[in-house]
Amino acid sequence: MGLNPYAPKPARIVRVKDEAPDTKTVTLSPNHLGGFTPGQFAMLTVYGVGEAPFSICSSPFDKDSLQFSIRRMGSVTRMVHEARVGDEVGVRGPYGRGWPVESMSGRDILMVGGGIGLAPLRSLVLHLLGERDKYGEIAVCYGARTPSLLMYRDEFDEWAGRGVKLYLTVDVGEEGWDGSVGVVTTILGKPLLNKAEAIVCTCGPPVMIRFVLKRLVELGYSKENIYASLESRMRCGIGKCGHCHFGGKHVCLDGPVFQYGEMASLPRGISPF
Amino acid sequence: MRLGSMLFISEDGFKLLLEELVSSKKVIAPVEADGFFDFKAIKHAGEASLDYTNTRLPPKRFFIPQREVVFKHYPETGVRQEPGISVETVLLAVRPCDASALSILDNILLKPPHPDPFYESRRRSTTVLSLSCAKPGEECFCNVFQTGPVRGSGEDVTLTRITGGFLAELRSERGRLLVNGFRSLFEKAVSEHLEEYGELSRRLTGEMEGRIKTVGEQLVKLEEKLGDEYFQQAAQRCLECSLCSFVCPVCYCFDTEDYLEKNTYVRAKGWDTCASPFFTRMASGLDPRTSRVDRFCHRFCHKLSRIPLAFNAYGCVGCGRCVSLCPTGVDIREVLKRWG
């Protein structure tokens, strides 16, 4: 029998960080995945409980560990939230098609995130910063419901220091918040990029993606340069279980990152349009 | 004997062959019980019943069990894989439609870079001997997809009953090897045999021709017809009971379940269906396919448009089981008649 693609490899939780009130970032070691493209995902197993797909949010240059930002949602995520440093989980991957990093050289790059949708974009930010000279302007527009739900806040200063222009907004302000208030589409015009050439990568709730795509086109970004990461229920991650099959595309194989035109031909429901 | 060779085996020769196979390999054959025919692993040649229209269930479960353990994790010692079953097996007297379903499943489940090793080990160890239909069932429409009634795809040897015995067509290297092992039981087919075969083939094809015309190119554009009133109304009949998927020789979707069993973590995989309202629902409650109409249409589009676009073979073999067993009369033939 060949390799068993359904069997994850064990890894230890070496760090747990409270990222937001409902979200933790766990660091796993060893990194069985080896290399991966930012935007790819892995299947994470809580032994005896279940398995679910998660975007890898760490740097592809980190060969020793892997990070996932996990929002408390169902049975698997609840158990991850209850896990402690030293606990064992299972990992398999990397799966799917990530962000189009090969076509980013020499171009301006805009990332648009909503809520926990920043997770696969963080991996891209860290990838780009790892070879900063290869790229033009790098901008991130990021929105969350409230300031305390903004993820990776403690890293923003470092990102900015290394040449990432960061634009933040929240739906509802909190005490001490003097930044922008409004949905993420209200700040999309702020980054001054070469819009015709810039590559745009977005991830967030489906309704956010829909309005972001519309606004990006209005602002003059080129459809062929726009990509979004979509979400689906999955059981296998390798195109066999059928759960993420929509209109001839498997989110696990053909995505999770889709180009604008590809999304337009997906069936209603999974298509952001 | 070359691939494509037509051989003849007498009635007595076939009995001997069956006895030899049963004594040396695992043989799965149609067995009659309680008025139905179903595939079972047989111990004696006499258990096999070859006079049947079709089995109640396809032989799918011998390749994709309804439920199977796919890995175990022992917390103390690490991961242990469940070994594949690789007993040399003969699937005997399967109808051409069901054999064709296996070749469709091969396209999907053996597709690199991640072939399903459990399915793969069973397929690689199984020789498929089909038996041409003598009379098509009432709900059969294999003629539409050229998956029967005499020969389909996915067979290693196609057997056809003719006067005094069977005609055997060698369809694959695996089939050629098996027949070679029993060379003395086979003789070269003569023109009388081939004429009878040709006649049977024409008669059966003619009998089915009036049912549904052969499908054309436009079926692959089925997705564009989903707004049609037909789908809106037909979907209302669907109870989402999953029966059509479970009796389908091609449906392969699965769910997984993780659990703890005596200090061992286990993952099992089991049949699932896109008709289920939980099939695409995520833990967050978001669901990209919320309506019954969309689920209903997805099943037909996957089989009749998406699989053909990807693999150049339809995801339906016309066995008619979903038609005859659906409790509310949902009928894929209606889709074929309208847009085929």
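Trainee: How many residues does the contact take from chain B and from chain A?
Mentor: Keep in mind that this is a predicted model. The contact takes 44 residues from chain B and 34 residues from chain A.

Trainee: And which elements of chain B give two or more residues to the side that touches chain A?
Mentor: Those are β4 (67-74), β5 (78-81), α3 (117-124), β11 (254-261), β12 (264-271) and α8 (292-311) of chain B. The one that gives the most is β11(B), with six residues.

Trainee: What does that side of chain B have by class?
Mentor: On the side of chain B that touches chain A there are 21 nonpolar, eleven polar and twelve charged residues.

Trainee: While we're on β11 of chain B, what lies in the loop between β11 and β12?
Mentor: Lys262(B) lies in that loop. Its phi is positive, about 45 degrees, although Lys262(B) is not a glycine.

Trainee: Is Lys262(B) buried or exposed?
Mentor: Lys262(B) is exposed, because 5 other C-beta atoms lie within 10 Å. Glu240(B) also has a positive phi, near 60 degrees, and is a residue other than glycine. Glu240(B) is placed in the loop between α6 (229-237) and α7 (243-247) of chain B, and it counts as partly exposed, with 16 C-beta neighbours inside 10 Å.

Trainee: Switching to chain A, how is it divided into domains?
Mentor: Chain A has domain 1 (9-95) and domain 2 (101-229). Their C-alpha centres lie 23 Å apart. The contact between them takes 16 residues from domain 1 of chain A and 14 residues from domain 2 of chain A.

Trainee: Which elements each supply at least two residues of the domain 1 side?
Mentor: β1 (9-20) and β5 (66-71) of chain A do. The side of domain 1 of chain A that touches domain 2 of chain A divides into seven nonpolar, seven polar and two charged residues.

Trainee: What does β1(A) pair with, and in which sense?
Mentor: β1(A) pairs in the antiparallel sense with β6 (residues 88-95) of chain A over four bridges, and in the antiparallel sense with β2 (residues 23-29) of chain A over seven bridges. A hairpin of two residues joins β1(A) to β2(A). As examples of partners, Lys9(A) bridges to Val91(A) in β6(A), and Asp18(A) stands opposite Lys24(A) in β2(A).

Trainee: Where are the cis peptide bonds you mentioned wanting to show me?
Mentor: One joins Gly93(A) and Pro94(A), with omega about -5 degrees, and Pro94(A) is found in strand β6 of chain A. Another runs from Gly255(A) to Pro256(A), with omega near 5 degrees. Pro256(A) is in the loop between β14 (249-250) and β15 (257-259) of chain A.

Trainee: Last topic, then: which residues are buried in α4(A)?
Mentor: Met208(A), Ile209(A), Val212(A), Leu213(A) and Leu216(A) are buried there. Seen down the axis of α4(A), the buried residues fall within an arc of 130 degrees, so they line one face of the helix.

Trainee: What covers them, and what does the face turned away carry?
Mentor: The cover includes β7 (109-114), β11 (199-203), β12 (226-229) and α5 (260-264) of chain A. The face turned away from the buried side carries the exposed residues Val207(A) and Glu218(A). Just after α4(A), Gly220(A) takes a positive phi of about 105 degrees.

How values were computed. Residues are numbered from 1 along each chain as its sequence is written. Chains are lettered from A and ligands numbered from 1 in the order in which they are written. This is a predicted model: local features need pLDDT of at least 70, side-chain atom pairs count only at pLDDT 80 or more; totals for chains, interfaces and linings use all residues. Two residues are in contact if their C-beta atoms, placed from the backbone, lie within 7 Å. Ala, Val, Leu, Ile, Met, Phe, Trp, Tyr, Cys and Pro count as nonpolar, Asp, Glu, Lys and Arg as charged, and the others, Gly among them, as polar. Domain bounds come from an automatic or database domain assignment. A residue is buried if 20 or more other C-beta atoms lie within 10 Å of its own, exposed if 12 or fewer, and partly exposed in between; C-beta atoms are placed from the backbone. The arc is that of the directions from the helix axis to the C-beta atoms. Two strands pair if DSSP finds at least two bridges between them.
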